[in-house]
Amino acid sequence: MSEKREAIALLYDGEQAPTVTAKGEGDLAEQIIQLAMEYEVPIYQNADLAKMLARMELGDQIPEELYRTIAEIIAFAWYLKGKAPVGFIPPDDDAIDD
(Lines give C-alpha, C1' and ligand atoms only; values in the text may rest on other atoms or scores of the structure.)
Protein backbone atom coordinates (compact mmCIF):
# COMPACT_ATOMS: atom_id res chain seq x y z
CA MET A 1 0.00 0.00 0.00
CA SER A 2 1.48 3.35 -1.00
CA GLU A 3 1.45 6.33 1.29
CA LYS A 4 -0.50 9.43 0.35
CA ARG A 5 1.50 12.32 -1.00
CA GLU A 6 2.02 15.21 1.44
CA ALA A 7 2.60 18.89 0.69
CA ILE A 8 3.66 21.66 3.03
CA ALA A 9 3.81 25.35 2.08
CA LEU A 10 6.10 27.71 3.95
CA LEU A 11 6.14 31.50 3.97
CA TYR A 12 9.37 33.35 4.61
CA ASP A 13 9.19 37.14 4.95
CA GLY A 14 12.88 37.69 5.68
CA GLU A 15 12.10 38.97 9.17
CA GLN A 16 10.98 35.90 11.11
CA ALA A 17 11.48 32.15 10.81
CA PRO A 18 9.49 30.55 7.96
CA THR A 19 5.95 29.60 8.92
CA VAL A 20 3.66 26.80 7.80
CA THR A 21 0.95 28.39 5.64
CA ALA A 22 -0.66 25.31 4.08
CA LYS A 23 -0.45 21.57 4.46
CA GLY A 24 -2.32 18.54 3.25
CA GLU A 25 -2.16 15.01 1.96
CA GLY A 26 -3.71 13.20 -0.96
CA ASP A 27 -6.00 15.41 -3.05
CA LEU A 28 -5.32 18.49 -0.91
CA ALA A 29 -1.57 17.99 -1.36
CA GLU A 30 -2.07 17.80 -5.11
CA GLN A 31 -4.03 21.08 -5.02
CA ILE A 32 -1.26 22.78 -3.02
CA ILE A 33 1.34 21.55 -5.50
CA GLN A 34 -0.77 22.64 -8.48
CA LEU A 35 -1.18 26.15 -7.03
CA ALA A 36 2.56 26.37 -6.41
CA MET A 37 3.27 25.43 -10.01
CA GLU A 38 0.70 27.92 -11.34
CA TYR A 39 2.34 30.74 -9.38
CA GLU A 40 5.88 29.54 -10.16
CA VAL A 41 6.66 28.85 -6.52
CA PRO A 42 9.72 26.59 -6.26
CA ILE A 43 8.90 23.05 -5.14
CA TYR A 44 11.33 20.96 -3.12
CA GLN A 45 10.62 17.27 -2.64
CA ASN A 46 11.76 15.58 0.55
CA ALA A 47 9.38 13.06 2.12
CA ASP A 48 11.17 12.99 5.49
CA LEU A 49 11.13 16.78 5.81
CA ALA A 50 7.46 16.86 4.77
CA LYS A 51 6.59 14.33 7.50
CA MET A 52 8.32 16.50 10.13
CA LEU A 53 6.63 19.69 8.95
CA ALA A 54 3.22 17.98 8.65
CA ARG A 55 3.17 17.56 12.43
CA MET A 56 3.20 21.34 12.84
CA GLU A 57 0.10 23.51 13.02
CA LEU A 58 -0.76 26.17 10.45
CA GLY A 59 0.94 29.42 11.46
CA ASP A 60 3.73 27.68 13.39
CA GLN A 61 7.27 28.83 12.77
CA ILE A 62 9.72 26.11 11.83
CA PRO A 63 11.75 24.85 14.80
CA GLU A 64 15.30 26.06 15.26
CA GLU A 65 16.60 22.56 14.49
CA LEU A 66 15.40 22.98 10.88
CA TYR A 67 16.76 26.51 10.29
CA ARG A 68 19.82 25.39 8.33
CA THR A 69 17.93 22.88 6.20
CA ILE A 70 15.18 25.35 5.32
CA ALA A 71 17.70 28.17 4.79
CA GLU A 72 19.56 26.04 2.24
CA ILE A 73 16.30 25.30 0.41
CA ILE A 74 15.32 28.99 0.38
CA ALA A 75 18.81 30.01 -0.81
CA PHE A 76 18.64 27.49 -3.64
CA ALA A 77 15.15 28.67 -4.62
CA TRP A 78 16.43 32.27 -4.72
CA TYR A 79 19.39 31.16 -6.84
CA LEU A 80 17.07 29.47 -9.33
CA LYS A 81 15.11 32.72 -9.66
CA GLY A 82 18.29 34.78 -10.07
CA LYS A 83 17.89 36.53 -6.72
CA ALA A 84 20.41 37.22 -3.99
CA PRO A 85 20.26 38.78 -0.52
CA VAL A 86 20.97 42.51 -0.25
CA GLY A 87 24.72 43.06 -0.13
CA PHE A 88 25.58 39.59 -1.46
CA ILE A 89 28.78 39.57 -3.49
CA PRO A 90 29.19 36.40 -5.54
CA PRO A 91 32.61 34.76 -5.35
CA ASP A 92 35.08 35.62 -8.07
CA ASP A 93 35.28 32.57 -10.39
CA ASP A 94 39.01 33.17 -10.92
CA ALA A 95 39.62 33.11 -7.16
CA ILE A 96 37.90 29.72 -6.89
CA ASP A 97 40.13 28.17 -9.57
CA ASP A 98 43.35 29.30 -7.87
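Student: Is Pro 42 buried, partly exposed or exposed?

Tutor: Pro 42 is partly exposed, at a relative accessible area of 40%. Buried means under 20% relative accessible area, exposed over 50%, and partly exposed in between (1.4 Å probe, protein chains only). Keep in mind that this is a predicted model, where local features need pLDDT of at least 70, side-chain atom pairs count only at pLDDT 80 or more, and totals for chains, interfaces and linings use all residues. Residues are numbered from 1 along each chain as its sequence is written, and side-chain values use heavy atoms, with hydrogens and water left out.

Student: Thanks! Where is Pro 42?

Tutor: Pro 42 sits in the loop between α1 and α2. Helices (H or I, at least four residues) and strands (E, at least two) are DSSP runs, numbered from the N terminus. The C-alpha atoms of Pro 42 and Ile 73 are separated by 9.5 Å, and these two residues are 31 residues apart along the chain.

Student: And what about Glu 40, buried or exposed?

Tutor: Glu 40 is exposed, with a relative accessible area of 61%. Glu 40 also belongs to the loop between α1 and α2, and has a positive phi of about 55° although it is not a glycine.

Student: Changing topic: how much space lies in the largest pocket?

Tutor: About 1200 Å³. On a 1 Å grid over the protein atoms alone, a pocket is an open set of points where a 1.4 Å probe fits, with protein on both sides within 12 Å along at least five of seven lines; lining residues have an atom within 4 Å of a point. Grid points are joined across faces, edges and corners, and the volume is the space filled by probe spheres set on the points.

Student: Which residues lie nearest its centre?

Tutor: Ile 8, Ala 9, Pro 42, Ile 43 and Tyr 44, out of 38 lining residues. The elements giving two or more residues to that lining are β1 (6–11), α1 (27–38), α2 (47–54) and α3 (67–80).

Student: Which of them gives the most?

Tutor: α3 does, with seven residues.

Student: Last one: how many helices and strands are there in the protein?

Tutor: Four helices and two strands, running β-β-α-α-α-α from the N terminus on. Of the 98 residues of the protein, 20% count as buried.
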